[in-house]
Amino acid sequence: MRHGKYPFIIGFLAVPVALYATFVVAAYIQTFQLSVASWSGFGPIKYVGFDNFVKLWNDDLFWKSLRHNGYLLLLLPIVTIALGLLFAFLLNVGGGSKGGMTRGVWGSKVYRVIFFFPQLMALAIVAVIFGRVFASDKSGMINGLLPDSWAPWLFLADERWALTCILVVLVWQAVGFYVVLFSAGMGSIEHEIYEAAALDGATRVTLFFRITLPLLWGTIQTAWVYLGIAAFDAFALINIMTVDRGGPDGATSVLAMMIYRNTFEYSQVGYASALGVVLFFLTLTFAALTLRVTRRDAV
Amino acid sequence: MARHDDGVITVGRSRTGTFFANATGIVFGLIMIFPVYWVLNTAFKPDSEVRSFTPTFWPHDFTLDNFKSALGEELFIPSMINGLIITAMAVAAALVVGFLAALAIARFSFYGRKAIILVVLAVQLVPFLALLIPLFLMLQSANLTNSLVGVALVYLVLLLPYTVWTLRGFISGIPRELDEAAMIDGCTRAQVFWRIILPLTGPGLVATSVYGFIQAWNEFIIINTLNDPKNQNLMAWLLYNQTERGTAWGPLMAGAIITSIPVVVFFLLIQRNIATGLTAGAVKG
C-alpha cells in the first residue's frame, strides 16, 4: 500500500517549494549580498565589506529602534493576552451561576461580535480612525471630551507617549481575536470542573487562576507566537500613523521602519539590506526561542 | 456558602462580584465599539457638522452625500475591482497549493519533511519587509511590477505558511483508519484525498480562506511599493486620499465603510464556523 507515494509528494510540494525557493530563499540571498554593498538602487553595485554593519553599530537611531522593537515584542503579547483572558473569562463564566450553571456576563453574545469587529477592520482604516481619536487639537475624539480649560494632549506628537499610543491601537485591534480564541479554549473545559470548584467555595479569582489558566496554557503559547509576529509587523501602523514616519525624533522608529525609509526615501539600499539581515537573525532567534519554550511535540 | 433566594443558587460568588463583572464588560465593550461607531457617525454627517468643534453624537442632518462622493472619486471603483481580482487569485491559489502541500506533510513521511515544516514556520515569522527590495527587482526583471498578477503572487507566498500550517492541523485530525478503510474498499490514493479528506477539511478551508481574504484585501504596503496608482487596491487608495486631502473626513470615512463591507459580509456569513475553524488548526499543532 505504500508504493507510489513519491509521485504524490513531489507533485504536491513542487509548486510551494518552487515559490519559496524564488520568492523567499533567493530573495534573502540577495538581501545578504546587498548588505555588504553600497548601492542606491540604480547603477553599479559597489562592495564595501562590513561598512554597513559598522555604521549600524554607531547609529543611535538603530539602537533606539531596537529598543522599540523589544518594547512591542514584550508588551503587545502580555497586555493582549491578559485582556483577552479577562474578557473570555467574563464572557464564559464571569456572570455568576443560576440553577447550578455557570454563565457568561449579561450580553456575552453581543460582546463576542463587538470584540471581533476591530479584527475585521483593515489597518489602513484603523489608522484613519485612531488618527481622529488621537488628534492633538480639540477636534480629536479624546481631546474633544476633555474639559475646555485643559491643554490638549499631544498623543502621537509627544515623544514620551507616541509609542504607547501605537501599542494601544495594536492591542485594541488584536484583542478580539484572542477573546474568541480563548473563549473556544474555555468552552472545551468541562463545566463540571467549575461547578465542583464553585461548590467547594472557589471565588472567580480562584477559578481563573487554578482552573482556567492551567487548562488553557497551550492556547496561550500559540497566542504568544502570533502576537510576537504581530509585534514585528507593527511597522505598517507606525508608517501611516506617526508623525514624520517613526517620529517625533525617532520616538516610534522600529527596524522595519528604518529599512523602509532607507530604501525608498534615502536610496540607501545597502544599508537597508544590512538592517534586513539584522532583522532576519532577530526573528529567527525569537522563533527558535518560542519553539523551544512551547515545544510543539507534533512537528 | 450556598444561598437560596428566589430559586437562584449563587454558589461561592457575591452579587457585587457579578455586578462588577457585568460593569467591566460594558465599559470595555464601549471602548471597543466607540471608534467603529464614530466612523459610522462621521460618514453620515454633512461636512459642516464634521468640522464643528462641538461633537455631535448623532448626525443632525442625515446625508448619503459622503458615500456618493467617495464612489464618484477617481480610481475608487477601479481600485475596488483590482482588490477583488488580486484577493480572489491569491486566496484560490493559496487554497489549492496549500491543501496539496498540507496533504503531503500530514499524510506522508519522507526525507526532508521536518525541514519543510520548519522553513514554512520560519518564513511566517520573518518580516516580509526585509525582502521587499529583492522582490521588487525580481518582479521587475519578470515584467511583473505594476501588474495584478505580480502582487497576487507575492500575496500567495504570504498566505501559504498559515494555510499549510492550519490545514495540516485539520488533516492530521482526520483518523488514518478512514483512509485505510476506503483503500480496502477499492479507492485509489487520489480518490481518498478527493472524496474523504477534502470534504472533511471543509471547516479548515473556510477558516484559511477567511484569513487569506482578510490579509490580501487589507494589505497595502506591498501593493503600494510594486504598483502605480492605477493598479492599487482600496487600502492604498484610502491612504493616498487621506494624505492628499487630509481634511475631507466625511468621504474618507464613507470610503472606509465601503472598503470594510466585503470583509464584514464574509465574516457574518461564516461567523458560526470562525471560532472552531481558527482555533482547531492552531491548537492541534
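Biologist: Before we dig in, what should I know about the model and its numbering?

Modeller: This is a predicted model, where local features need pLDDT of at least 70, side-chain atom pairs count only at pLDDT 80 or more, and totals for chains, interfaces and linings use all residues. Residues are numbered from 1 along each chain as its sequence is written, while chains are lettered from A and ligands numbered from 1 in the order in which they are written.

Biologist: Thanks! How many helices and strands are in chain B?

Modeller: Chain B has 13 helices and two strands. Both are DSSP runs numbered from the N terminus: helices are H or I with at least four residues, strands are E with at least two.

Biologist: And what share of chain B is buried?

Modeller: Of its 285 residues, 43% are buried. A residue is called buried if 20 or more other C-beta atoms lie within 10 Å of its own, exposed if 12 or fewer, and partly exposed in between, with C-beta atoms placed from the backbone.

Biologist: What fraction of the contacts in chain B comes from residues 24 or more positions apart?

Modeller: Among contacts with a separation of 6 or more, that fraction is 76%. Two residues are in contact if their C-beta atoms, again placed from the backbone, lie within 7 Å.

Biologist: Which domains is chain B divided into?

Modeller: Domain 1 of chain B covers 3-64 and domain 2 covers 69-284; such bounds come from an automatic or database domain assignment. Their contact takes seven residues from domain 1 of chain B and six residues from domain 2 of chain B.

Biologist: Which element gives the most to the domain 1 side there?

Modeller: That is helix 1 of chain B, with four residues. Helix 1 (15-43) and helix 2 (47-51) of chain B are the elements that give two or more residues to this side. By class, the domain 1 side in chain B has four nonpolar, one polar and two charged residues. Here Ala, Val, Leu, Ile, Met, Phe, Trp, Tyr, Cys and Pro count as nonpolar, Asp, Glu, Lys and Arg as charged, and the others, Gly among them, as polar.

Biologist: Switching to chain A, how is that one divided?

Modeller: Domain 1 of chain A is made of 28-58 + 268-288, and domain 2 of chain A is 60-267. The C-alpha centres of these two domains of chain A lie 32 Å apart. Their contact takes 13 residues from domain 1 of chain A and 11 residues from domain 2 of chain A. Helix 13 (residues 269-294) of chain A gives the most to the domain 1 side, with nine residues. That side of domain 1 of chain A has eight nonpolar, five polar and no charged residues.

Biologist: Where does UniProt put the transmembrane regions of chain A?

Modeller: The unreviewed UniProt entry lists residues 7-29, 71-93, 113-135, 161-186, 207-227 and 269-291 of chain A under "transmembrane region". Positions are given in the numbering used here, feature names are shortened, and annotations may be inferred rather than shown by experiment. In the model, residues 113-135 of chain A are 83% helix and 0% strand, with end C-alpha atoms 28 Å apart. Residues 207-227 of chain A are 95% helix and 0% strand, and their end C-alpha atoms are 26 Å apart.

Biologist: I'm curious about A:Gln173. Is this residue buried or exposed?

Modeller: A:Gln173 counts as buried because it has 22 C-beta neighbours inside 10 Å. A:Gln173 lies in helix 7 (residues 162-187) of chain A. Not counting residues up to four places away in sequence, A:Gln173 touches A:Pro118, A:Gln119 and A:Val126.

Biologist: Back to chain B: how do helix 4 and helix 7 of chain B pack?

Modeller: Helix 4 (residues 76-107) of chain B packs with helix 7 of chain B at an angle of about 35°, with their axes 6 Å apart. Axes are lines fitted to C-alpha atoms, for helices over the stretch in contact, and angles run from 0 to 180 degrees between N-to-C directions. By class, the contact of these two helices of chain B has 24 nonpolar, four polar and two charged residues.

Biologist: Last one: what is phi of B:Asn143 near?

Modeller: Phi of B:Asn143 is near 60°, a positive value in a residue other than glycine. Most residues other than glycine have a negative phi. B:Asn143 sits in the loop between helix 6 (132-141) and helix 7 (148-173) of chain B. B:Asn143 is exposed, with 9 other C-beta atoms within 10 Å.
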